[in-house]
Amino acid sequence: MINDELAATSETPKAAKQTFSGGVGFILACIGSAVGLGNIWRFPVLISQFGGLTFLIPYIIFVILITYTGVIEEYALGRASGKGPIGAFGWACKDRGFEGVGRKIGVLPMLGSFGLAVGYSVILGWVLYYLYQAVTGHLLGFTGNLQGLKDMFEGIACAGGCNGGIIAATLLCIAIMSAGVASGIERANRILLPSLAVLFLLLIVYIATIPGAKDGFKYIFTLEPQHLANPKVWIFAFGQAFFSLSVTGNISVIFGSYLPKDEDIPQSAFFVALFDTLAALLATLMIIPAMATTGTQLSAGGPGLMFIYLVDVFNRMPGGWLVQAMFFIGVSSAGITTLITIYEPAVALANKKLGLSRWLTAVLVLSVGCVTAISIQSFTSPWMDLLSIYICPLGALLAAVAFFWMLDKPKALEAVNEGSQHPVGDRFHWVGKYVYCLATLIALIAGGWLGGIG
C-alpha cells in the first residue's frame, strides 16, 4: 500500500543511510529547492510592476512570517515523524484517532511534488536547449530579430519540441540522485549554488558598467509609500514569498526526515530564507538594470522573459555571447538544484516501497517522469498552473493543519525545539495555528481568483 511511507529511521538499512552530512548540507539542499526559476523570471517582474522597495517591504515581512511558522513546521514535522508526507501526516493525526485519514491526505502533496517535477523537467529542458544555443553562439544570430526569438521559443514549447532537452535534464538528475542524499543532492548543491551566485555577481558587476544600468538600480530601491495601500501588492508579495520558500507539504517534510535530532531547525530555516531572498535579489539586480540598458520595459514574466526578451537584451549588449552563456549556466544550476529536490519525495517513497537500490529507484522514477514530461509539452503551462495554484498551496495548508491543529501542542513544540539553541514557545504555535493557516487558505483562494499569485 502507498501508505507504507518511506521513513528516514532505522526501519530498513537503506532508509537509515539517507541523511545529510550535517546542518550545512541540509541548509544547502533546502536552498537548492527554494532557489528556482521563480526567483529569476517572477520576482524581478513583481519588483518592476509594483515598484522596488514598495514590493520588497511586504515581501520581506511575509518571508519572516512564513519562515517563522510554515518552514519551521514542515522541517519539524518531517524530523519528528522520521517520515515523508504520507507517514508524517498520519503521525501528526494519530493522537486524535485520524492516522489513516492523515496518511491518505498525505498522498496529495506527494502526487503534487511528482507532478511539479514533471512540469519542471520540461522547463529545465528548455533551459538546457538555450544553454547550448548560447554557448554555440546561435542566439547571437537573432540580434534585432525579436520575432525570430519568439518563433524559436514557440518551436520548442510545443508537442515534441524539446525531447532532447528533457532527456538531458533527466539524465543529469539521475546521475546526481542515484548517489543518494549526502553524496548526490547535497554535493550537487555545494557546487551549483556557489557557482550560480558567482556567475550572477559577475554579471551584475559587468551590467553596472553599461550606460543606462544605473536607472535600473535606482528603480529597485525606489519607495512609493502610496502604493502600499494597494491590496494586490500584499497579495502578490505573500504569494511570491510562499512559493519561493517551498512550503508545499512535501519537499521540506522529506528533507526534515533526514535531519538528526540535534539540528537547530529554527536556525536552519532562517538561513534558508536569508539565502533564498538574496538569490532573488541577485536576479533582480541583474535583470532590471540589464533591461534598462536598452530602454526595454520589464512588464512580462515567465518563460517569455527568460527565453525571448532577456535574450534580445543580451544580444544588444557588448559581450553578449559571454553574458548569455554565463546567464544560462547560472539558470541551469538553479533548475537542476530545484528539480532534484522536487523529485526526492517520490524517489524516497519508491526506494522504500520497492526495496531496490537507490540508483535503480532513481532511474525508474525519473524515467517515468521523463516520459510524462515529454507527453505534456503541448500543455505545460496549464499543467504547472494547476499544481502551483491549487495542489501546492493545498498541500501546505494540510501540513499546517496536521501540525498546528491535529498534533498536541506540547508535542509540536518539542518537535521544533529539540536541538534548538533558542526554543520557540506559545507565540510560535499561536501564530502558526491562526495567522499562518489563515494566510495559507487566503493564498489558495486568491490564487484561484487571480489566476496565480506566485
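Biologist: Which residues does Thr248 touch, leaving aside those up to four places away in sequence?
Modeller: Thr248 touches Glu74, Pro109, Cys392, Gly395 and Ala396, where contact means heavy atoms within 4.5 Å. This is a predicted model, in which local features need pLDDT of at least 70, side-chain atom pairs count only at pLDDT 80 or more, and totals for chains, interfaces and linings use all residues. Residues are numbered from 1 along each chain as its sequence is written, and side-chain values use heavy atoms, with hydrogens and water left out.

Biologist: Is Thr248 buried or exposed?
Modeller: Thr248 is buried, at a relative accessible area of 9%; buried means under 20% relative accessible area, exposed over 50%, and partly exposed in between (1.4 Å probe, protein chains only).

Biologist: Where is Thr248 found?
Modeller: Thr248 lies in the loop between α13 (231-244) and α14 (251-256). Helices (H or I, at least four residues) are DSSP runs, numbered from the N terminus.

Biologist: Turning to α2, how many of its twelve residues are buried?
Modeller: Eleven of the twelve are buried, so α2 is largely enclosed by the rest of the structure. Among them are Phe26, Ile27, Leu28 and Cys30.

Biologist: And at what angle do the axes of α10 and α18 cross?
Modeller: The axes of α10 (residues 163-177) and α18 (residues 358-375) cross at roughly 160 degrees and come within 9 Å. Axes are lines fitted to C-alpha atoms, for helices over the stretch in contact, and angles run from 0 to 180 degrees between N-to-C directions. The two helices, α10 and α18, are therefore roughly antiparallel, a term for angles over 145 degrees.

Biologist: Which residues of α10 make the contact?
Modeller: On α10 they are Asn163, Ile166, Ile167, Thr170, Cys173, Ile174 and Met177.

Terms used. Angles under 35 degrees count as roughly parallel, over 145 as roughly antiparallel, 65 to 115 as roughly perpendicular and the rest as oblique.
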